[in-house]
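Dear colleague,

Please find below the structure that I am handing over to you.

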Amino acid sequence: MLSGRTTLSKFVIEHTRGQHSELGALLVDVAAAVKSISALVGKGALSGFAGLAAATNVQGEAQKKIDVLANEAILSHCEWGGQLAGMVSEEMEAAYRIPDDYPRGRYLLLFDPLDGSSNSDVNVSVGSIFSILSRPAAGDAADADFLRPGSEQVAAGYAIYGPATMLVLSVGSGTHGFTLDRESGNFILTHPDIRVPAETREFAINTSNERFWEAPVQRYVAECKAGRSGVRGVDFNMRWIASMVAEVHRILMRGGIFMYPKDHRDPARPGRLRLLYEANPMAMLIEQAGGAASTGRGRILDVEPETLHQRVPVILGSRDEVERVERYHREFDTGTDRPFVSPLFAERSLFRD
Ligand code: AFP
C-alpha cells in the first residue's frame, strides 16, 4: 500500500516550507542523483566501470571510474535547478562554478560523491555524503563562502548503497531515514527521528594505525580491548568496514563510537577524513540524533575551516563514549592522565608471573 507512507519529497517540502522553501527542491535533486548512483553501483562488475580512472584526485588518491561517474551524476542533477551558487566535491580541487546557462541560487552543496569507493570492487556498502550551506548573497560563490563552520549547515545527509539504498538526512529538526522503494522509485520514510543510544559497547577504528595514535586514543582502545578484565569492567566488540557511511549508519541504527583520530605519521595531515564534506555532515546527523561528534579536543561543528579539503580528526557516536575520549584528551594535555601502560607488553611479557 503506497497510501499513508511519507515520501522524501513530501517530507522535505513540509519541513523546509517558508524560509528555506528552495532547500526542498535542492534535496529532491540530490535524491535524484542518489538514485542514479544507486543504479550504477548496483550493477557491480556489470557496469563496466570497475577499476581505476586515469587520474588521481585532489587528495592524491587513485580515482576510480565510478568515483568520476558519481561526481558527474551529482553535478548534472543539481547544477540546473537554480538553487545553487556553487559546489565543492572531494573529486575536484577547485569549487565548481554553475554553468552560465543556469540561474544561481542561495545554497552551496559540498559532497563526497562516493565514500568508501575502495570497497566498491569488493561489493561492500559505499555511500555519498553531502552538506548544504545557505548563502544570502547573489551571484557565484567564492571559495571563502564554503569555509564556514559546520554549525552553519542548513542540511546534511548521506546515501548508503547497501542491500537497500537509504537516504539519511537532517534539515535541523532531527535525523530521519528514507528507504528507496525500487518499484515506485520513491524514497519512503522508514526511520523517523533516529536516536543514538548514549551508551555502547561497540567501537570502530583501524587498529593497524595504533602505533601512530596519540596516547589518549591508545588508552581508550586499550581499555576497550581489556574488556571485563580491565578498568571498564565490561567486554567490547569491534567493527571496521573502512566505509565511513556504513560505520555511521550502524551507529545511528544501534549506537557505537567511530574514530579516525589524529596520528603522528604526517603532521600535515591531522587525520584522514575531510572536514567540509565528510566530518561536518556526519557530525550534524549524529548530533541531531542525540550523539556527539568531536575532534577529541573540541566539537567538530565548531571547527573554523581554512581550506576546502582540509582534514580533521573524527571521534563520533554514542555521547557517553565520545565524552570519555574527550576527557582522556584533556587529562593527557594537562598531564593528569594515568601513565599509559601498553597491554601488548603485559600480554607478551615472558616474565609476567
Ligand atoms: P575511500 O573513499 O578512499 O575508500 O576512503 C574511505 C574513507 O575515507 C572512509 O570512508 C573510511 O572510514 C576510511 O577512509 C577508511 O580508511 P582506512 O582505509 O585507512 O581504514
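**The ligand and its surroundings**

A polar backbone atom of G116 lies 2.9 Å from an oxygen atom of the ligand. Please bear in mind throughout that this is a predicted model. Two side chains also make contacts of this kind. In D115, an N or O atom of the side chain is 2.7 Å from an oxygen atom of the ligand. In S118, a polar side-chain atom is 2.7 Å from a ligand oxygen atom. On its own, the ligand has 490 Å² of accessible area, and the protein covers 86% of this.

The shell around the ligand consists of 15 residues, and the closest of them are D115, S118, M244, Y260 and R272.

**The protein as a whole**

The secondary structure of the protein amounts to nine helices and 14 strands. Its radius of gyration is 21 Å, close to the 20 Å that the globule rule gives for 353 residues, and the protein is therefore as compact as a globular protein of that length. Taken along the principal axes, the box filled by the C-alpha atoms is roughly 75 × 45 × 45 Å. Of the 353 residues, 53% count as buried.

Most residues other than glycine have a negative phi. Two residues of this model may be noted against that background.

The residue N123 is not a glycine, yet its phi is positive, near 60°. N123 is found in the loop that runs between β4 (107–115) and β5 (126–134). Its relative accessibility is 73%, and N123 counts as exposed because that value is over the 50% cut-off.

The residue D193 likewise is not a glycine and has a positive phi, of about 50°. D193 belongs to the loop between β9 (186–191) and β10 (202–204). With a relative accessibility of 43%, D193 counts as partly exposed, because this value falls between the 20% and 50% cut-offs.

With kind regards

Note on methods: Residues are numbered from 1 along each chain as its sequence is written. This is a predicted model: local features need pLDDT of at least 70, side-chain atom pairs count only at pLDDT 80 or more; totals for chains, interfaces and linings use all residues. Side-chain values use heavy atoms; hydrogens and water are left out. A residue is near a molecule or strand if one of its heavy atoms lies within 4 Å of it. A polar contact is a pair of N or O atoms within 3.5 Å; within protein, one must be able to donate a hydrogen and the other to accept it, and residues adjacent in sequence count only if both atoms are side-chain atoms. Accessible areas come from the Shrake-Rupley method with a 1.4 Å probe; for residues, only the protein chains shown count as cover. Helices (H or I, at least four residues) and strands (E, at least two) are DSSP runs, numbered from the N terminus. The radius of gyration is taken over C-alpha atoms; the globule rule is 2.2 Å times the number of residues to the power 0.38. Buried means under 20% relative accessible area, exposed over 50%, partly exposed in between (1.4 Å probe, protein chains only).
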